[in-house]
Amino acid sequence: MEPLLNKKLAALSKELGLGLVATNDVHYINKEDAEYHDILLCIQTGKTVEDENRMSFPTKEFYFKSQEEMELIFGEYPEALENTVKIAERCEVEFDFSKYFLPEYQVPEGETLASYLEKLCREGLVRRYGEITPEIEERFVYELGVIKEMGFPGYFLIVWDMVNYAKVHGIMVGPGRGSAAGSIVSYSLGILEIDP
């Protein structure tokens with residue numbers, strides 16, 4: 001942050017009786033990752049790195065700084081550094097990786113997650129293929145059975161909802177990726193555009 005701005009913030013802090021906290025805007029972990037971040041920005045905005053009028057960050061300082069680096073930047077504001085540590089010590093986050101935490105998808109009345117997923121898929125199969133051959137039906141029934149058995153109908157509905165929203169509102173989505181990229185269920189829902 002600009003030293004002049006830091007001085008103004010410190011003065012405002014004293015004037016209002018508020019504590020200071022030292023922070024750094026973090027967009028990537030290591031300083032060396034700045035180039036990759038720049039490339040990702042180009043991908044996100046549909047630009048190339050050669051384009052001088054594209055969105056870019058002014059420095060390579062948007063990485064996760066060490067305590068020593070933060071002390072160099074905010075050394076004249078020791079209370080800000082102390083407050084940052086106090087906040088960090090009060091934060092306690094534990095991740096439970098033994099189960100999935102997905103939003104609960106709301107299906108129309110009279111439907112279950114599984115029945116609504118099947119209904120949407122069957123409509124999609126007709127749209128995609130017209131005639132449902134025994135081969136298509138067999139593959140669809142098998143995949144849907146696996147999805148139900150694993151407890152993932154809600155997940156597929158959430159992804160379908162997001163992709164559908166994006167398409168309806170002119171937001172670009174790719175042709176498809178991820179673990180279900182070769183899935184006839186995903187294809188029938190329009191999550192991906194590649195016929196498996």
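Let's start with Trp160. At 14% relative accessibility, Trp160 counts as buried. Buried here means under 20% relative accessible area, exposed means over 50%, and partly exposed is in between, with a 1.4 Å probe and protein chains only.

A word on the source. This is a predicted model, where local features need pLDDT of at least 70, side-chain atom pairs count only at pLDDT 80 or more, and totals for chains, interfaces and linings use all residues. Residues are numbered from 1 along each chain as its sequence is written, and side-chain values use heavy atoms, with hydrogens and water left out.

Back to Trp160. Its partner is Tyr116. The ring centres of Tyr116 and Trp160 are 6.4 Å apart and the planes stand at 80 degrees, so this pair is edge-to-face. The rule: rings of Phe, Tyr and Trp (its six-membered ring) pair if their centres lie within 6.5 Å; planes under 30 degrees apart are stacked, over 60 edge-to-face, the rest tilted. Tyr116 is in helix H5 and Trp160 in helix H7, so the pair ties together parts 44 residues apart in sequence. Helices are DSSP runs (H or I, at least four residues), as are strands (E, at least two), numbered from the N terminus. Tyr116 is buried too, at 12% relative accessibility.

How many aromatic pairs does a search of the whole structure find? Seven. Another one is Tyr100 with Phe152, edge-to-face, 5.2 Å centre to centre, with 70 degrees between the planes. Tyr100 sits in the loop between helix H4 (78–90) and H5, and Phe152 in the loop between H6 and H7, so this pair links parts 52 residues apart in sequence. Phe152 counts as buried, at 16%.

Now the core. A nonpolar core is a set of buried Ala, Val, Leu, Ile, Met, Phe, Trp, Tyr and Cys residues joined through side-chain atoms within 4.5 Å. The largest one has 21 residues. Those touching the most other members include Leu117, Phe140, Phe156 and Trp160. Helices H5 (113–129), H6 (134–150), H7 (153–168) and H8 (184–189) each give two or more residues to this core. H7 supplies the largest share, six residues. Apart from this core lies another, of eight residues, among them Ala10, Leu20, Met70 and Phe74.

Next, H7 itself. Its buried residues pack against H5, H6 and H8. Among them are Phe156, Leu157, Trp160 and Val163. Its length checks out. The expected span is 1.5 Å times one less than the number of residues. For the 16 residues of H7 that gives 22 Å, and the end C-alpha atoms are 22 Å apart, which agrees. Just after H7, Gly170 takes a positive phi of about 70 degrees.

On to Glu143, in helix H6. Glu143 is buried, with a relative accessible area of 12%. Not counting residues up to four places away in sequence, Glu143 touches Gly182, Ser183, Ile184 and Val185. Contact means heavy atoms within 4.5 Å.

Last, charges over rings. The cut-off is NZ of Lys or CZ of Arg within 6 Å of the ring centre and within 35 degrees of the ring normal. The charged end of Arg128 sits over the ring of Tyr187, 4.1 Å from its centre. Lys65 lies over the face of Tyr63, at 4.1 Å from the ring centre.
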